[in-house]
Every structure is written in C-alpha cells, then in structure tokens.
Amino acid sequence: MPRVIIILGSKTDLPELEESKATDFLDACGLGWELWIASAHRHHDDLTAEVKSAFATYYADGLFFICAASMSATLSGIVEAMTDMYVPVYGVALQSSARPDARDAEESISRMPSGVPVAFMGIGKPGFENAAMQICQIVAMLRGGDFLAKYRALRDVQKAEKPFAIPLR
C-alpha cells in the first residue's frame with residue numbers, strides 16, 4: 001500500500017496539521033503515513049538520508065510527500081530534488097509571525113522552476129486536507145476495489161456535511 005510522509009519544517013507547525021482532517025482522511029482510506037519534523041536548512045543531511053531511505057523502502061508500493069513550512073518554505077522543493085523528481089511532492093504554505101498571510105511561503109512553493117513539479121495545495125489546514133484528499137483520489141483511481149469504496153464513502157461523508165441547496169430561498 002502506498003505511504004504518505006508528512007514533513008513539517010518546525011515543531012511549531014504541528015497544531016496546524018492536528019487541526020486539519022488530513023491524517024483522518026489518510027486513515028479512513030487505509031493509507032499509512034508518517035510524520036517527520038525537519039528543517040530543510042538546519043537538518044539537511046539528516047533529511048537527505050531519511051528521504052533516500054523512504055524512497056528505497058516505499059517507492060515500489062507508492063510514495064507521496066506532503067511538505068509544510070512557513071517563511072521561505074524551501075522544504076518541498078528540496079525534498080522533490082532529493083527524490084530525483086520521481087515522487088509526488090505536495091507543498092503546504094504555513095503562516096508565520098513575520099507573515100501571517102503566508103504569502104512568502106505560498107510564493108516560494110508555487111514558483112518552483114520548470115522541471116521541479118511540486119504541487120501547491122493551499123495555506124494551512126485546507127492545504128493539508130487538499131493534499132491528503134488528492135493523494136487518496138490518485139490511489140483510488142489507480143487501485144480501485146476496496147480502496148475506491150473507502151474513498152467514495154469518505155467523499156459521501158464530506159458531501160453530507162455541506163448539503164446541496166439550490167434554490168436558496
């Protein structure tokens with residue numbers, strides 16, 4: 001079964017992930033996940049070793065990275081480069097005290113050069129949730145069967161939380 005590795009640039013980013021439903025989505029679909037906390041700047045050698053180990057361990061079954069950071073937010077691009085660009089990497093911009101709008105992180109992730117395919121999924125909680133949902137969606141499309149049934153059930157729950165209401169009167 002594919003593996004999702006969520007990497008936060010700092011321990012202070014953990015509450016944002018915990019407030020999201022991202023790991024709940026992954027659990028509901030039956031995808032295994034790991035949480036790492038590593039700064040692309042301060043822990044570069046350790047991060048490189050762990051990413052390469054994860055690549056060797058999980059690539060054959062499917063591997064996805066969700067990288068979240070604030071400020072310069074280089075984590076997602078660096079992880080993409082560490083995998084030799086063979087693994088989908090999703091970037092989530094996070095707010096910082098210096099930039100509560102997360103604009104700096106958003107621009108860093110969304111302005112990757114050509115050939116560095118990092119998908120920018122959003123800011124904060126919705127970004128985490130969108131990344132997890134897209135991973136589940138891709139795996140459901142490729143695997144079908146029980147995984148697709150779990151994904152459809154999850155989507156049905158989401159639809160029930162915000163019902164269709166037209167006309168609005």
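1. Start with the handedness: helices H2 and H6 cross in a right-handed way. Keep in mind that this is a predicted model.

2. On the geometry, H2 covers residues 22–29 and H6 covers residues 124–143. They pack at an angle of about 15°, and their axes lie 8 Å apart. Angles under 35 degrees count as roughly parallel, so H2 and H6 are roughly parallel to each other.

3. Who makes the contact? From H2, the residues are Ala22, Phe25, Leu26 and Cys29. From H6, they are Phe128, Glu129, Ala132, Met133 and Cys136.

4. Now the cysteines. The disulfide count comes to zero, going by the rule of sulfur atoms within 2.5 Å. Cys29, which also sits in the H2/H6 contact, is in no disulfide. For Cys29 the nearest cysteine sulfur belongs to Cys136, 3.4 Å away, and Cys136 is on the H6 side of that contact.

5. Is Cys29 buried or exposed? Its relative accessible area is 0% and the cut-off for buried is under 20%, so Cys29 is buried.

6. Cys67 is in no disulfide either. Its nearest cysteine sulfur is again that of Cys136, but here the distance is 17 Å. With a relative accessibility of 2%, Cys67 counts as buried too.

Definitions and conventions:
Residues numbered from 1 in each chain as written. Predicted model: local features only at pLDDT ≥ 70, side-chain atom pairs only at ≥ 80, totals over all residues. Heavy atoms only, no water. Axes fitted to C-alpha atoms, helices over the stretch in contact; angles between N-to-C directions. Helix = DSSP H or I, 4+ residues; strand = E, 2+ residues; numbered from the N terminus. Parallel < 35°, antiparallel > 145°, perpendicular 65-115°, else oblique. Left-handed = near helix turned anticlockwise from the far one by under 90°. Contact = heavy atoms within 4.5 Å. Buried < 20%, exposed > 50% of the residue type's maximum accessible area, 1.4 Å probe, protein only.
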